[in-house]
Amino acid sequence: MKNRWTDSGAEQARVRWAEAHGTDFALRCYTADLIGREPGLVLHGGGNVSFKQTLRDLLGNEIDAIHVKGSGCDLAGIEPGGLPALDLGFLRSLRALEVLDDDAMANAFRTHLFEASAPTPSIETLLHAFLPHRYVDHSHADALLALTNQPDGELRVRAALGDRVAVLPYVAPGFELARAVADLYEANPRVDAIVLLQHGLVTFGEDARSSYDRHIEIVDACERFIADRAAARSLTVAFATPDSPATLAARVAPLLRGLVALPIDDEDRRFIRSVFEWRATDSVLDFVNSAEAATLARTGPLTTDHLIRTGPFPLFVEQPNWSDDEALRQQLREAIETYRGEYRSYVTDHGGSLDGVDPSPAVILLPGAGVFCRGRTKRDARVAADITEHALATKAAAHAIGTYTALSREHLYPMEFRAMQRAKLDSRPERPLERKIVVISGGAGAIGAAVAETCARAGAHVVVSDLDPDRVEIVVRRVEQACEPGCAYGIVMDVTDETSVRDGYAETCRHFGGVDVVVPNAGIAHVAALENLAVDDFRRVLEVNAVGYMLFMREGIRVLRRQGLGGHIVVNASKNVFGPGKDFGAYSASKAAGHQLGKVAAIELAVDNIRVNMINADAVFGDEQVPSGLWATVGPERARSRGMKTEDLPEYYRERNLLKTRVYGRHVGNAVVFFASDATPTTGATLPVDGGVVEAFPR
Ligand SMILES: [Zn+2]
């Protein structure tokens, strides 16, 4: 492991923070960030660091303070505000207690902060407080976990590091661990570090650099020790398929997503769905395709810190039957049911309640395809996947030098269900389209972009598909900025090309796991009176608006059926379906075809609880960033056929509706959200979004 301290980096931190917070605190933030940026040390909110100094209260009294990382915050990119200060003297006085439960401990932290609005400090705050050093660094380094998740972990640590470290057997994080670490240090005051077996590393120093340097030196020594001994035993290949992992992943993702969705007693929602992250790096494939995977994969996590993201053990599906789709479905169903049974027993055996617990696996290892991780959001799924990638590589390293041995379930269970750990999970109230995946054709157009953003604001993950990669990218960025990173994904798709549409859905399944809401929307228009309508123009419009809708719906239906969770198709039809206009025959006829396809789909798909509804919007004009391609093409001619200027069109359309209102893309988006949220048991219906146009009333 490389020491990433540079004098110029330290200087930058000093320039940035020293004036307001002092040089010592600036350097604290600098090395905290260095640790946070090293995935071999900590991942996503893991690890914690501290810094002690004297602060003044309002009366000018000097008070000994400790700054500790907020619980669940990332060390990478940390700033002074991410290290809230607490009353050190008070925290140290707690050492006299015999026991201190989590609620009392968290309350003691919150009531002894210098800043009332600061994040709750880490569960390991007292460990930092009880040590005398100004700087304390704590990580969950992979190399250390490979060495210490062994039956003879202490011996291995001694062999790798000699007596420069003190070694502590596993103690659950919190008050008890803090006391044990302080006692151990006081008995061995000359050590450079404390190794917490099956947990991590603690180093300390009187300045930021010495504590950081020791941390890296020790982890580096562990890495070298493993590398010297690992060569003899590597994983042996035991599984191979003719198909690529990408092909298998696209095939299996909707099956898996359907089967791991937890049925619930709610007639509208019916299932708890999730968003997937699929990984198939060489290292992941080496692991899942190995002979050792069957035993090694099912072992527990590297450290309890990972539990809330990955669960206590992954699902490993042995020898997936890739050659027979029905047999594969059955095999996965049984594997998931067995997993759920085992997980439920794990909870109840430890006296837990199953209320609100999803017993489905968070991590699924599939020989041939790689690993799938799930979460409430793409971000959560990625966090689980990052942790899983490290876990698999570290388990393989542990196996190469000995026998990977995780903590027992007696230790795992209380940590997984600990309130201070659960508090790190996303507890925001669920929005109407939370956990749903919406795929939109023509997503880079004015209506498509607005539908994507409105659905994402309602909690959905959205796939923006369109012809032009640059415009797709603009919309994806816009949606992510409005909502959150990872909530949107762009796919280049030509709806008139069967292969392109099929590939687009395959890519969607690999990226998010499946589909819940299909929104056929890509459309073009042509202005010509029937007697002048060239057959090629008519065919061109029908090809996109009718054939394109059919293909986009057909491939979407195949994924929805395969997934088996019901779903929605929301057809963006047009006010023209019921209220056609002159010189607009090609458009009106093609839109009527799309609308009629929707009605037929409603009849065919009700049996699978796939609901199909139509939206009839009147003219929607875009904005500068995402202009309406359709209006750019037909606007001037539509204006001419109405005897007006192009720029007066929006006003004309506003004036002709009952409500005298303009129709925006977000209104169409709101209609999609309404249908897709299962708010009403409706299928085969048409919702006008037109301000009220009498001749276009649905009939
Ligand atoms: Zn820890």
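Here are a few questions and answers on helix packing and sheet layout in this predicted model.

User: Is the crossing of helix 1 and helix 2 left-handed or right-handed, and which residue class has nine members in the contact?
Analyst: Helix 1 passes helix 2 in a right-handed crossing. Helix 1 brings residues including Ala 13, Trp 17 and His 21, and helix 2 brings Phe 25, Leu 27 and Tyr 30 among them. Sorted by class, three contact residues are polar, two are charged, and nine are nonpolar.

User: Which strands stand at the edges of the seven-stranded sheet?
Analyst: The sheet is open and parallel, in the order 16-15-14-17-18-19-20. Neighbouring strands are turned by 20 degrees against each other on average, direction ignored. Each edge strand has a single partner, so one side of each is left without a neighbour in the sheet; these are strand 16 (488-492) and strand 20 (686-689).

User: Which residue of strand 15 stands opposite Val 439?
Analyst: Strand 14 (residues 437-441) pairs with strand 15 (residues 461-466) in the parallel sense, over five bridges. The residue opposite Val 439 is Val 463.

User: Which strands does helix 19 touch?
Analyst: Helix 19 (residues 469-482) packs on the sheet, and its direction makes about 170 degrees with that of strand 16. The strands touched by helix 19 are strand 15 and strand 16.

Technical notes. Residues are numbered from 1 along each chain as its sequence is written. This is a predicted model: local features need pLDDT of at least 70, side-chain atom pairs count only at pLDDT 80 or more; totals for chains, interfaces and linings use all residues. A crossing is left-handed if the near helix is turned anticlockwise from the far one by less than a right angle, and right-handed if clockwise. Helices (H or I, at least four residues) and strands (E, at least two) are DSSP runs, numbered from the N terminus. Two residues are in contact if their C-beta atoms, placed from the backbone, lie within 7 Å. Ala, Val, Leu, Ile, Met, Phe, Trp, Tyr, Cys and Pro count as nonpolar, Asp, Glu, Lys and Arg as charged, and the others, Gly among them, as polar. Two strands pair if DSSP finds at least two bridges between them. Axes are lines fitted to C-alpha atoms, for helices over the stretch in contact, and angles run from 0 to 180 degrees between N-to-C directions.
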